[in-house]
Amino acid sequence: MPVLWDRRTLLRAAALAPAVSLLAPMRLGAAPLAGFTHSVASGDPTRDSIVLWTRFIAAEGGETTLAVEVAEDDRFKRIAARGTTTASPINDHCAHARPAGLKPGRWYYYRFTAPDGSMSPVGRTRTLPAGSIESFRIGVFSCANATSGWFNAYAHAATREDIDLIVHLGDYIYESPTDRSDAIPALAKAREIAPTGETISLIDYRLRYASYRADPALQELHRRFPMITMWDDHETANNSWTNGAKNHGPEDGPWEIRKAAGIRAFREWLPMANADYASYQIGDLATMFRLETRLIGRTKQLELSEILRAGGDPRAAAEAFRKGPLADPARTMMGAAQEQWLRDGIARSTRDGTRWQILAQQTVMAPLLLPTVKPSWYAPNVAPAPKAEAELRFAAMLTQMGIPEGLDRWDGYPAARDRLLGSAAQAKANLVVLSGDSHNAWASDLVHDGKPVGVEFAGHSVSSFGIDKRFGGDPKAIAADFTATNPLLKWCDTSRRGYMVVNLTRSAASNEWLFLPSLTTRSTEVFDRTTFKTERRSQRLSS
């Protein structure tokens, strides 16, 4: 039944925030009950500073002042910065510090010390470089559903010595119940994911972050590398937009309260500044733009069901949909202010002679039409149900008319995409787009007015199921059908998990997709790799 929210209810909800300290004694996965509960982390680097993070719960549960030390060596003989920060129950005992005055392009070590003399683990981090640099390497992750698989991608990357920075493109947590349709019940139980239901309140989101951050592989990745993190939809609710979400109904209360709770927990639990979007200068080699495409400017997603609801001839209704709502220039992913900020930033970056312009953002940008589904897409002796067959016939008609199926990504906002790519073309940018969300791996060229303007490296998930959840047939046949249907798509993989590593040099930008097991075992074995690159000024992919 609907929940009625009056002023008294809202005030009670706000008053609950400080009371989250009462939950501290709960056991969340493998996290300790007191002291430094979730190791350390760093992120949001600049040339001379970086955000440092830890979580500390005092035995009495109150506010604690922590000493912070940053050093040039792991024995803390050469101290670079000292300071203090506070772990408070008001912020779920999470503490942030941002030491400044550090040297560019340097590895540093850091630690926190409590009043009782106990120390956090020692973390390692790195500032962004300045001046002329030859290369820079970035590990890229997205979509880590803790109930769908182990975080083996995190574990593998945490052992590497050749990565300078980690970028997480979103869906760092999943808000859904632990018994969702693709959950592995034994895995959800073994990992002690809390709460077991859907996360809606601030307390729910905090518990979910605490559960995920109890994972040792994720802790070690955070401990050894700085990370730039952004939210996608699952940090709040599935298919979210500015004023709502597909997975949010009246029974969940006001959307603005839920959205604020998700954002607050994100900012508490991750080492990031409070800017919704930002740029990062990597010497003269690259400018990275971290975009926000979900909660501050996104217009509500369109639904293909609108075509069916229109009635009459479905082909005529689809054509009206394509020329009308889908093409509407008022629809946006980022909002006018962010679009202008990005346009100016790309122009400034190229004007200053920076060699690469990198967009780190949430959803697939290149056009992607669904191919005609063939029997090879299904596992042996499996056929689609009659209802599914009707849906596939409808999808085939849409593909013939150039209408995409995935309207939650940039395909659902073609005018906004055209404006963005037009800005890159006008600035003569060397554009590289990093994308997540789809759970699958894609390598695509990007064009504007029929001319090449950049490339896209879209990442597969850490653990979340992709197209393989829907179609369990031959993945090579599925990939071949996708590339045959989509001329800009040069390669894809629709069945495997892992992470990407982007290598930037002065003459080329390459990306390696690494594939690891995730379903049934903890393993850092890499069983396959694929690499594509683009030469500077070519704005096209090559293998």
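In the predicted model, helix 10 makes the greatest contribution to the lining of the largest pocket, supplying 6 residues. The volume of this pocket is about 1,500 Å³. Its lining comprises 48 residues, of which Asn239, Glu405, Gly406, Arg409 and Arg470 lie closest to the pocket centre. Besides helix 10, the elements that contribute two or more residues to the lining are helix 7 (305-309) and helix 12 (467-470). By residue class, the lining of the largest pocket consists of 20 nonpolar, 15 polar and 13 charged residues.

Helix 10, which spans residues 386-400, also packs against helix 8, formed by residues 314-323. The packing of two helices is described by the angle between their axes together with the distance separating those axes. For helix 8 and helix 10, the angle is about 50 degrees and the axes are 11 Å apart. Angles of 65 to 115 degrees count as roughly perpendicular and those under 35 degrees as roughly parallel; the two helices are therefore oblique to each other. The crossing of helix 8 and helix 10 is right-handed. On the side of helix 8, the contact is made by Pro314, Arg315 and Ala318, and on the side of helix 10 by Met397, Leu398 and Gln400. The residues of this contact between helix 8 and helix 10 are divided into 4 nonpolar, 1 polar and 1 charged.

Note on methods
Residues are numbered from 1 along each chain as its sequence is written. This is a predicted model: local features need pLDDT of at least 70, side-chain atom pairs count only at pLDDT 80 or more; totals for chains, interfaces and linings use all residues. Side-chain values use heavy atoms; hydrogens and water are left out. Axes are lines fitted to C-alpha atoms, for helices over the stretch in contact, and angles run from 0 to 180 degrees between N-to-C directions. Helices (H or I, at least four residues) and strands (E, at least two) are DSSP runs, numbered from the N terminus. Angles under 35 degrees count as roughly parallel, over 145 as roughly antiparallel, 65 to 115 as roughly perpendicular and the rest as oblique. A crossing is left-handed if the near helix is turned anticlockwise from the far one by less than a right angle, and right-handed if clockwise. Contact means heavy atoms within 4.5 Å. Ala, Val, Leu, Ile, Met, Phe, Trp, Tyr, Cys and Pro count as nonpolar, Asp, Glu, Lys and Arg as charged, and the others, Gly among them, as polar. On a 1 Å grid over the protein atoms alone, a cavity is a set of points where a 1.4 Å probe fits but cannot get out, and a pocket is an open set with protein on both sides within 12 Å along at least five of seven lines; lining residues have an atom within 4 Å of a point. Grid points are joined across faces, edges and corners, and a volume is the space filled by probe spheres set on the points.
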